[in-house]
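This short report is meant for a reader who is meeting the structure for the first time. Please look at the sequence and the model before reading on.

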2 protein chains.
Amino acid sequence: MSEIKEQAEHEVEALLTSLSDKNMDEFRSIFLEQHPYDQANVFSKLDLDQRNTVYQYLSPEEMAALFENIEDDDGQYETYLSEMDPTFAAQMLAQMYADDAVDVLNELDKDQVASYLTIMDDDAAEEIRELLHYEEYTAGSIMTTEYISIHAHQTVHSAMQILKQEAPNAETIYYVFVIDEDEKLAGVISLRDLIISDSDTMISEIMSERVYSVSVAEDQEEVARKMKDYNFLALPVVDFQGHLLGIITVDDIVDVIDEEASDDYSKLAAVSDVGSTDRNPFSAAKKRLPWLIILLFLGMFTASLIGRFEETLDKVAILAVFIPLIAGMAGNTGTQALAVAVRRISLGDTEDQSLSKMVFKEAGTGLITGTICGIVVALTVFIWKGTLFLGILVGLSILATLTVATISGAFIPLIMHKLKVDPAVASGPFITTINDIISILIYFGMATLFMQYLI
Amino acid sequence: MSEIKEQAEHEVEALLTSLSDKNMDEFRSIFLEQHPYDQANVFSKLDLDQRNTVYQYLSPEEMAALFENIEDDDGQYETYLSEMDPTFAAQMLAQMYADDAVDVLNELDKDQVASYLTIMDDDAAEEIRELLHYEEYTAGSIMTTEYISIHAHQTVHSAMQILKQEAPNAETIYYVFVIDEDEKLAGVISLRDLIISDSDTMISEIMSERVYSVSVAEDQEEVARKMKDYNFLALPVVDFQGHLLGIITVDDIVDVIDEEASDDYSKLAAVSDVGSTDRNPFSAAKKRLPWLIILLFLGMFTASLIGRFEETLDKVAILAVFIPLIAGMAGNTGTQALAVAVRRISLGDTEDQSLSKMVFKEAGTGLITGTICGIVVALTVFIWKGTLFLGILVGLSILATLTVATISGAFIPLIMHKLKVDPAVASGPFITTINDIISILIYFGMATLFMQYLI
């Protein structure tokens, strides 16, 4: 285990003791030494009494740093805020980075938000109100307005003065943004370039005019992709006229990448939220049941399809033996193709040409894997059961279903993407069920057609 | 589309023209204005002739920035390096950030690595040689040695001097690490704190002694989790005695998070590398076939199990109708439970107590979903087929399989984790196949037992 963890565990006990002893000085001297993430971890393990003591021992500003690291898995934001004195809560929200405060307020109902904004001082309330307008999952919703901006006609010296002055409030000081008279984004300069330049140099001489920015309405996934590709620590956000509105910092992007990947993953498994740690089986069951019931009825449909071939089954009962094999293989190849397609679309590869190429490629892949698996199955069944024709029938079914299933696995998310539906919704189990149906039609269709050779 | 993209497309044509006109000045003036990520994108679209021209037009240092952004999906590192003059290639590798150079060299065979290191200047070769020793996927393998370190007894002024001097070569200057006489990590100070402090202040007064570090052998996934939780831009890496060996920067961590998520996702779908963009269906088929063949034989085993119940099937052919439904539902719930378990283990929740709690919770969830789905199925089958007993049989089978499948979906990855096998390997299709087998045993076992009521 790492040093971080050992240290924290050792201190947690001391903190709990200081709380029960009502020893404020002791508590503050240990607690404020900790990283806010560790503070939040300790805090979330306290009971109501202990939390009430903490609200008395910390200033709104100290509480803000802690609160930025609280996760809202189970309505924690609302619980904790309602425990605090409203004025204390409003002051704390005002002290948080604006983007984090907005994340908290987004989880409350409108009346609560309005009342906190009323108590808060006007500047902070105004800043938060602006950010609250942006739609979820857009650049606007994750940006912060706490950036540093300067003008091109300033010197490095005067820029450094501004920087020193604003450093305590800015979310990052490592990029400074240059704006023109109309507040339009005109350039960028890194702190690295500032400190290695002479203090008389004009900003216009050393700033980079080739400044990368994102539009305020851009999808957060797209923003994350850019930040990852270009290795930026912060990206400016502009409106449609190019005015600088805010910045997005890399720590928020790390969270977005993690969320989006979790999201694709959850949908592949048809669980609505794989990351949450449900306290009890009932809430977990509640989340999974809707998917299961839908899949159940799709499964009933598959069953009714097989029911139509009852006559065939009555004559050749052995056919039933291979149903799970064929349906299963269709599901497996379909899921593979689906995963590749969803991930490619997620990663931003969305040109028509490249996507239709992908479907053609998947068709080829399906044909190759289908042929090989078909031959293997035909031989195995022949050796096992001793009937050549049954082997050929199962082998041909595998060939046909694998080809069709692979194409459908790639094609369906593509169609969904065109229809502006998140392709990840075409989750694993859905593709599997669709491919079940396809495979059963192919298998029993062929069996009924060539019945005479089977009996 | 964003402004970035339009700009790039417009310039690509101008670049191609300048290459075919052999206009070096024009090429350099456009190319060097671009971000290295864009340069790499353009470069990877060029043909051999054009690439050879680029090698002549750029210095090793300029080429290094580009090369840091090249992806090695298809052996590109080896191809491009072999096209360059060996001395040029070695100089370029020496100019790259050491961690990136190591990533490149790790893709080459040992003789090639040795020959490049021989041509390279000694300092760079030494640095790279050290990093090459660390095992893949550890903190050591992703760290860089290009950090800035100072001593506690220095003043802010002298620290800033060192910083300005080393800035061009350091991967980040936003954290400066404080070491003691034995080169042990003693503290950290951010550039933010440096620039807002008086220049006479001693580093020891303002540095943070509570410095978070990771061990050189720590898993990269664990490092990524820490960096994400604590919102660091860089983390120091130490050996077991606490000596500072290197740092890991947030841009590398963004890649790790993305890779690890892709990895879990790939394994859930049983595709070995979902992120790679294979050029042709043969290479894609080659990657997927091993999984499919294994699953095929597992499927054959399932088939042989059903074969054992051929007598039952012969008497009551209608039983076959519900095979895909029951097997499918078992697969679906198993995958849901698996996804939750794998993700929790991935996210670092690995305490025994919390894991065994998870299995109990999943058992409860399985029982609840099983009961509800079982009742729904029993009623539907009764209404559809008119036979009460068939409905009860299918309903009870669903109840039993859902409970067992949910438990196995949570329990199997946990066992694998205990056995130090990556639980994500227990991919969706494997769990599905295991649950196919369980569900068929339950279904046919019950049907055979109560045969008398069915006929």
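## Basis of the description

Helices (H or I, at least four residues) and strands (E, at least two) are DSSP runs, numbered from the N terminus. The model is predicted, so that local features need pLDDT of at least 70 and side-chain atom pairs count only at pLDDT 80 or more, while totals for chains, interfaces and linings use all residues. Residues are numbered from 1 along each chain as its sequence is written, chains are lettered from A and ligands numbered from 1 in the order in which they are written, and side-chain values use heavy atoms, with hydrogens and water left out.

## Two loop residues with positive phi

Most residues other than glycine have a negative phi. Glu183(B), in the loop between strand E2 (175-179) and strand E3 (185-190) of chain B, has a positive phi of about 65 degrees. Glu183(B) is partly exposed, with a relative accessible area of 48% (buried means under 20%, exposed over 50%, partly exposed in between, with a 1.4 Å probe and protein chains only).

In chain A, Lys22(A) sits in the loop between helix H1 (3-20) and helix H2 (24-31), where its phi is near 55 degrees; Lys22(A) is exposed, at a relative accessible area of 55%.

## Regions from the UniProt record

Residues 143-205 of chain A are 32% helix and 21% strand, and residues 207-265 of chain A are 46% helix and 22% strand.

The entry also lists "transmembrane region" for spans of chain A including residues 289-306, which are 100% helix and 0% strand, with end C-alpha atoms 25 Å apart.

Notes:
UniProt positions renumbered as here; feature names shortened; annotations may be inferred.
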